[in-house]
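Have the viewer open and follow along.

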Amino acid sequence: MTNAYASMHGRSLASTLDVGVAGTVDRLRTAWTKYVAYRKTLAELRGLPTRALRDLDFNRGDLATIAHREVYGH
């Protein structure tokens, strides 16, 4: 973004960059929080006994996919 564009839209280049940096920090924080939740979910699933997994109709090979879907939603 040029200074001229920023000035035309009532913002300084510095304030525009601050908003961009803040947005990036927010996205990184959200991504880290989801990653931690994914790792915790996966660890909990891996800690279940085989019988409990069978009762839930889960296979050990599918646990990473199940944890990912639960945290990230896809």
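A word on naming before we start: helices (H or I, at least four residues) and strands (E, at least two) are DSSP runs, numbered from the N terminus. What you're looking at is a predicted model, where local features need pLDDT of at least 70, side-chain atom pairs count only at pLDDT 80 or more, and totals for chains, interfaces and linings use all residues. Residues are numbered from 1 along each chain as its sequence is written, and side-chain values use heavy atoms, with hydrogens and water left out.

Let's begin with the inside. In soluble globular proteins, nonpolar side chains tend to be buried together. Here the largest nonpolar core has eight residues: Tyr-38, Leu-42, Leu-45, Leu-53, Leu-63, Ile-66, Ala-67 and Val-71. (A nonpolar core is a set of buried Ala, Val, Leu, Ile, Met, Phe, Trp, Tyr and Cys residues joined through side-chain atoms within 4.5 Å; buried means under 20% relative accessible area, exposed over 50%, and partly exposed in between, using a 1.4 Å probe and protein chains only.) Two or more residues each come from α2 (13-46) and α4, with α4 giving the largest share, four residues.

Now turn to α4 (63-72) itself. Its buried residues are Leu-63, Ile-66, Ala-67 and Val-71. Looking down the helix axis, you'd find them within an arc of 120°, so they line one face of α4; the arc is that of the directions from the helix axis to the C-beta atoms. Beyond its neighbours within four places in sequence, Leu-63 is in contact (heavy atoms within 4.5 Å) with Leu-42, Leu-45, Arg-46, Leu-53 and Phe-58.

Next, the rings. Rings of Phe, Tyr and Trp (its six-membered ring) pair if their centres lie within 6.5 Å; planes under 30 degrees apart count as stacked, over 60 as edge-to-face, and the rest as tilted. That gives two aromatic pairs. Trp-32 and Tyr-35 make a tilted one, 5.6 Å centre to centre with 40° between the planes. Both sit in α2, three residues apart, about one turn of the helix. Trp-32 is exposed at 57% relative accessible area, while Tyr-35 is partly exposed at 38%. The other pair is Tyr-38 and Tyr-72, with ring centres 6.3 Å apart and planes at 45°, so this pair is tilted. It links distant parts of the chain, Tyr-38 in α2 and Tyr-72 in α4, 34 residues apart. Tyr-38 is buried at 14%; Tyr-72 is partly exposed at 26%.

Finally, the backbone. Most residues other than glycine have a negative phi. Asp-57 has a positive phi of about 65° although it is not a glycine. Asp-57 lies in the loop between α3 (50-55) and α4, and is exposed at 69%.
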